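Try each task before you read its solution.

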Amino acid sequence: GETFHGSGSTDILLQTDGRSVFIAECKFWDGPATIGACIEQLLDYATWRDAKTAILIFNRRKDFSGVLEQIPGAVAAHPNVKCAVKKMGDTVFRFRVQLRDDASREMTVTLMVFDVPTDRSVSERLKKPRKQG
């Protein structure tokens, strides 16, 4: 469930001893603008102590490779992104974002993209005979 933090509510918030240790925003892919909207939301919630954040993107479209190709450019287009996007794996990216209220503070954002199969794609896989051997 959503939790209030900073000036908004975030999808995932882990706290210990009253301090945030992790903040994440979850979205379904709806084009490159999805990334900018997520970064904006994280900037709304983040305080100067929040250093570790994540964006979880879920893709329901067929062209998962095409979605992954759009991620670095969509991240780099945001004016608060302060470094090159580092690809950590096939579906994981990391970058730093400057906070709005304190130009000397940055948060690290890990962006993970997940392909969500549709009912149709799952049923098609189940129909295929398995190789025996």
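**Exercise 1.** Which side chain meets that of R100 in a salt bridge?

*Solution.* The model is a predicted one. Start at R100. Its side chain meets that of E40 in a salt bridge, at 2.3 Å from N to O. R100 sits in the loop between β7 (92-98) and β8 (106-115), while E40 belongs to helix α1 (residues 33-45). They are 60 residues apart, and the pair links distant parts of the chain. Now widen the view. E40, D44 and R100 are linked in a network of salt bridges.

**Exercise 2.** Classify E25 and K27 as buried or partly exposed.

*Solution.* First, find the contact. The side chains of E25 and K27 meet in a salt bridge, 3.4 Å from N to O. Then apply the cut-off: buried means under 20% relative accessible area. E25 has 1% relative accessibility, so E25 counts as buried. K27 has 25%, so K27 counts as partly exposed.

**Exercise 3.** Which strands hold R96 and E106?

*Solution.* Begin with the bridge. The side chains of R96 and E106 meet at 2.8 Å, N to O. R96 lies in strand β7 and E106 in strand β8, so the pair ties together parts ten residues apart in sequence. Finally, check accessibility. R96 is partly exposed at 37%. E106 is partly exposed too, at 33%.

**Exercise 4.** How many salt bridges does a search of the whole structure find?

*Solution.* The search finds four. Among them are the E25 and K27 pair and the R96 and E106 pair.

Key:
Residues are numbered from 1 along each chain as its sequence is written. This is a predicted model: local features need pLDDT of at least 70, side-chain atom pairs count only at pLDDT 80 or more; totals for chains, interfaces and linings use all residues. Side-chain values use heavy atoms; hydrogens and water are left out. Buried means under 20% relative accessible area, exposed over 50%, partly exposed in between (1.4 Å probe, protein chains only). Helices (H or I, at least four residues) and strands (E, at least two) are DSSP runs, numbered from the N terminus.
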